[in-house]
Number of protein chains: 2
Amino acid sequence: MTDKSLAEMFPELVAFLPCETPDQWIEEAAKPENLDIILIDHANNELKAASAAQSLILRYKDGVKVTGQKRIPCNVDLLNKMSRLAREELRHFEQVLAIMTRRNIEYTTVKASRYASRMLKHARTWEPAKLVDTLIIGAYIEARSCERFHKLAPHLDAELGRFYLSLLKSEGRHFSDYLTLAQEISDEPIEDRIALFAEVEKEAMESPDEEFRFHSGVPVKTSEAA
Amino acid sequence: MTDKSLAEMFPELVAFLPCETPDQWIEEAAKPENLDIILIDHANNELKAASAAQSLILRYKDGVKVTGQKRIPCNVDLLNKMSRLAREELRHFEQVLAIMTRRNIEYTTVKASRYASRMLKHARTWEPAKLVDTLIIGAYIEARSCERFHKLAPHLDAELGRFYLSLLKSEGRHFSDYLTLAQEISDEPIEDRIALFAEVEKEAMESPDEEFRFHSGVPVKTSEAA
């Protein structure tokens, strides 16, 4: 499983991402002293992904209210896919929690990275454009997680490496669920929106980042220097 | 399965609830013209239950901050139980949604009942008392849902009756998960808190209610009169 390149496993996902994770991030993430942050931030990210999917269900269950127009009836496909996705993310949360417990890692407070909020700042504020942009951002978060799990796995201990590779399949499916829904719901082509968020995502990945997190940019302070 | 009384299936749950659902509510709920409201409100309640469980995880994942005292480290049992509970509620949401889709019931806006907010008003505001009260309220919501599913099932069509009985097992387990956690987390006996919420719950069940919902009180306007 490890031997396969990400492009062999998920060609569309690799084509969608604007860049590869910088090697400096991988080096930092592979340091044993950063393992606690990686796992706690990972657990938090699974929770945030589940919450975000549920927020979409709560916000759009009875349709999309378009200003000055009739309500677009609820999209059952959106509700179903988001509910299943939330369940899978919660299952992953439980798995990370079990690993943390076995390793005596205490669940301390780890502040969120700038990653998602950087993209969300660019989401349009009117409907259904807001929903479409939120779904595209969801696709980026899932695609990037998938890419990082794959690239990081060989640098971790055997148990964690196996666990991270086991997550690829569902993260890859979540990426394509988000992207398909964005395409389905938008009444115009979404290529320009994808291009815009690609630029923001690339910037988040390749610019220096003071904080080390699962979705952080290029580490400026290595943990030795800190 | 239908032949068993709720007391035979869940003796502790029946002892915990302060009263039985009034027959007037069952009569109203069994009217075919109220089926849409029952199903939409049920779907909403599954979502709310999943969100509430997830909010507890997000609020208490890195422990309980007690004013003027040290942080109580995170309770892994709380996180695990709430995550599993949220996953089950989301699964039920998908099942209700599938029934609605098959029956061409559109997911329209149905405002929440007064039920949960009535109890939440009485929750203490300091920690860990706030968490303990929230868990006791969770136990009431799950226990009442279980009782109503059981009492309503024989009055519905075969598919819905079977579905509602199939939910009893997990709702009964959720009730005892909430109650056990409340007892575990509180450093003092919780009997007086249970008694207080029993009173509020009984009042919500037995007082007249303008709105008909899954957790509403005694219907004042029957649908014929409306």
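Guide: Let us start with accessibility: B:Asp23 is partly exposed, at a relative accessible area of 49%, where buried means under 20% relative accessible area, exposed over 50% and partly exposed in between, with a 1.4 Å probe and protein chains only. B:Lys151, with 16% relative accessibility, counts as buried. Please keep in mind that this is a predicted model, in which local features need pLDDT of at least 70 and side-chain atom pairs count only at pLDDT 80 or more, while totals for chains, interfaces and linings use all residues. Residues are numbered from 1 along each chain as its sequence is written, chains are lettered from A and ligands numbered from 1 in the order in which they are written, and side-chain values use heavy atoms, with hydrogens and water left out.

Visitor: What do the side chains of B:Asp23 and B:Lys151 meet in?

Guide: In general, side chains of opposite charge can pair when their charged atoms come close. Here the two side chains form a salt bridge at 3.1 Å, N to O, the term being used for a side-chain nitrogen of Lys or Arg within 4 Å of a carboxyl oxygen of Asp or Glu. B:Asp23 belongs to helix α3 (residues 23-29) of chain B and B:Lys151 to helix α7 (residues 129-152) of chain B, so the pair ties together parts that are 128 residues apart in sequence; helices (H or I, at least four residues) and strands (E, at least two) are DSSP runs, numbered from the N terminus.

Visitor: How many salt bridges are there over all chains?

Guide: The count comes to 42. One of them joins A:Arg124 and A:Asp133 at 3.0 Å, N to O, and here A:Arg124 is buried at 17%, as is A:Asp133 at 0%.

Visitor: Which residue pairs with B:Asp209 in a salt bridge?

Guide: B:Arg114 does, with 3.0 Å from N to O. This pair links distant parts of the chain, 95 residues apart, with B:Asp209 in strand β1 (residues 208-209) of chain B and B:Arg114 in the loop between α5 (76-102) and α6 (115-120) of chain B. B:Asp209 is buried, at 7%, whereas B:Arg114 is partly exposed, at 22%. Elsewhere, salt bridges that share partners join A:Arg84, A:Arg87, B:Arg91 and B:Glu94 into one network.

Visitor: What rotation superposes chain B on chain A?

Guide: A rotation of 180° with 0.0 Å of shift along its axis does so, at an RMSD of 0.0 Å, the copies being superposed by least squares on the C-alpha atoms of residues with pLDDT of at least 70 in both. This is the relation of a two-fold axis, and in chain B the C-alpha nearest the axis, 2.5 Å from it, belongs to B:Arg87.
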